[in-house]
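Me: Hi! I've just opened this model and would like a quick tour. Could you start with a term I'll need?

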Amino acid sequence: MRITRALRFGIGALAIAAVASGCGGGGSKTAAQNAADGKLTVGIKYDQPGLGLRNKDGSFSGFDVDVATYVAGKLGVKPENITWKEAPTAQRETLIQNGQVDYVVGTYSITDQRKEKVDFAGPYYVAGQDLLVRADNTDITGPDALKGKKVCSVKGSTPAQNIDKNYKEAQLQTYDTYSLCVEALKSGAMDAVTTDNAILAGYASQSPGQLKLVNKPFTTEKYGIGVKKGDKETRDKINDAIEAMISDGTWKTALEKNFAGTGFQVPQPPAVDRY
């Protein structure tokens, strides 16, 4: 009898734990529902100057931050009611799937592989993969000049996969963040850092006279805003917000502000893909 009661208690406890884990982290609500409550948790990069950067005073700045804030505003959420959460490249899908963030705006390239796990609004920006080198480097003039060169990118990133697949003579090394790659480049441990030109322009702006952009883009990367798979309502609302940001001039102003002095040229805005 005691064994039976113990088993029943154990099964009941497991059921309660399962329900609790399913509801944890706000994962049971959609982003639109959380926005209706007046609060959002948004995933961004913390280490990408010009795009997503956590400043020394704890504030956040960059084009992605501006896009995320504008979108939140269109969803009815004030800037002070946004909780920012770091979304490293390799963790973005997991953060979305687990409901730890409502959406991710973090130089998040739209790919078929990623669309199997999450949905995307956008694109809100189209970048091109490029190379960052030391200012005195004259050898690396583009991706075809990477033979035998130590090239750094981030684990799980689209640029790293592209180098591994299409430029096998390069010596690819992957780190957890681009900031670590940039430090390795400065120290001479790496010959180049590769990712999207917008990201690299931000790093170049932090090290004037020390680093330079090769300015030979060799891919097209569509940046999207990642949302939970199947959440069409939120995706449609974010798409509306992106189109509004482009049409009212805020999009262009944000790019000009965040890349001032880098020589970065603001491109034509993309067309939102309502797949």
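Predicted model: local features only at pLDDT ≥ 70, side-chain atom pairs only at ≥ 80, totals over all residues.

Me: Good. How many helices and strands are there in the chain?

Reply: The chain has 10 helices and 13 strands. These are DSSP runs numbered from the N terminus, helices being H or I of at least four residues and strands E of at least two.

Me: And what share of the chain is buried?

Reply: Of the 275 residues, 47% are buried. Buried means under 20% relative accessible area, exposed over 50%, and partly exposed in between, with a 1.4 Å probe and protein chains only. As for contacts (heavy atoms within 4.5 Å), 70% of those with a separation of 6 or more are between residues 24 or more positions apart.

Me: Now to threonine 89. Where is it found?

Reply: Threonine 89 is in the loop between β5 (82-86) and α4 (92-97).

Me: Buried or exposed, threonine 89?

Reply: Threonine 89 is buried, because its relative accessible area is 6%. Its side chain makes a polar contact with the side chain of lysine 45, at 3.0 Å. Leaving out residues up to four places away in sequence, threonine 89 touches Lys45, Val154, Lys155, Gly156 and Ser157.

Me: What does serine 157 do at the start of α6?

Reply: There, a side-chain oxygen of serine 157 reaches to within 3.2 Å of the backbone nitrogen of alanine 160. Helix α6 itself covers residues 158-166, and Thr158, Pro159, Ala160, Asn162 and Ile163 in it are buried.

Me: Back to strands. How covered is β1?

Reply: β1 (residues 40-44) is mostly covered, with four of its five residues buried. It runs parallel to β5, joined by five bridges, with leucine 40 opposite isoleucine 82 in β5. β1 also runs parallel to β6, through two bridges, and here valine 42 stands opposite tyrosine 103. Two strands count as paired if DSSP finds at least two bridges between them.

Me: There's an open sheet of five strands too. What's the order?

Reply: The order is β10-β9-β11-β8-β12, and the pairing is mixed. β10 (171-175) and β12 (211-213) stand at the edges with a single partner strand each, so one side of each has no neighbour in the sheet. On average, neighbouring strands are turned by 30 degrees against each other, direction ignored.

Me: How do β8 and β12 run?

Reply: β8 (residues 129-134) and β12 run antiparallel, joined by three bridges. Arginine 134 has leucine 211 of β12 as its bridge partner.

Me: Which helix packs on that sheet?

Reply: Helix α8 (residues 197-206) does, touching β8, β11 (192-196) and β12, and its direction makes about 130 degrees with that of β11. Such angles run from 0 to 180 degrees between N-to-C directions, and axes are lines fitted to C-alpha atoms, for helices over the stretch in contact.

Me: What about α3 and α9, how do their axes cross?

Reply: The axes of α3 (residues 63-74) and α9 (residues 232-247) come within 9 Å and cross at roughly 115 degrees. α3 contributes Asp66, Val67, Tyr70, Val71 and Lys74 to the contact, and α9 contributes Ile238, Ala241, Ala244 and Met245.

Me: Buried or exposed, threonine 107? And asparagine 215?

Reply: Threonine 107 counts as buried, because its relative accessibility is 6%. Asparagine 215 is exposed, with a relative accessible area of 54%.

Me: Last one: what does alanine 184 touch?

Reply: Not counting residues up to four places away in sequence, alanine 184 touches Tyr175, Ala189 and Met190. It lies in helix α7 (residues 178-187) and is buried at 8% relative accessibility. Alanine 184 and cysteine 152 are 32 residues apart in sequence and 8.3 Å apart in space, C-alpha to C-alpha.

Notes
Residues numbered from 1 in each chain as written. Heavy atoms only, no water. Polar contact = N/O pair within 3.5 Å; in protein donor to acceptor, adjacent residues only side chain to side chain.
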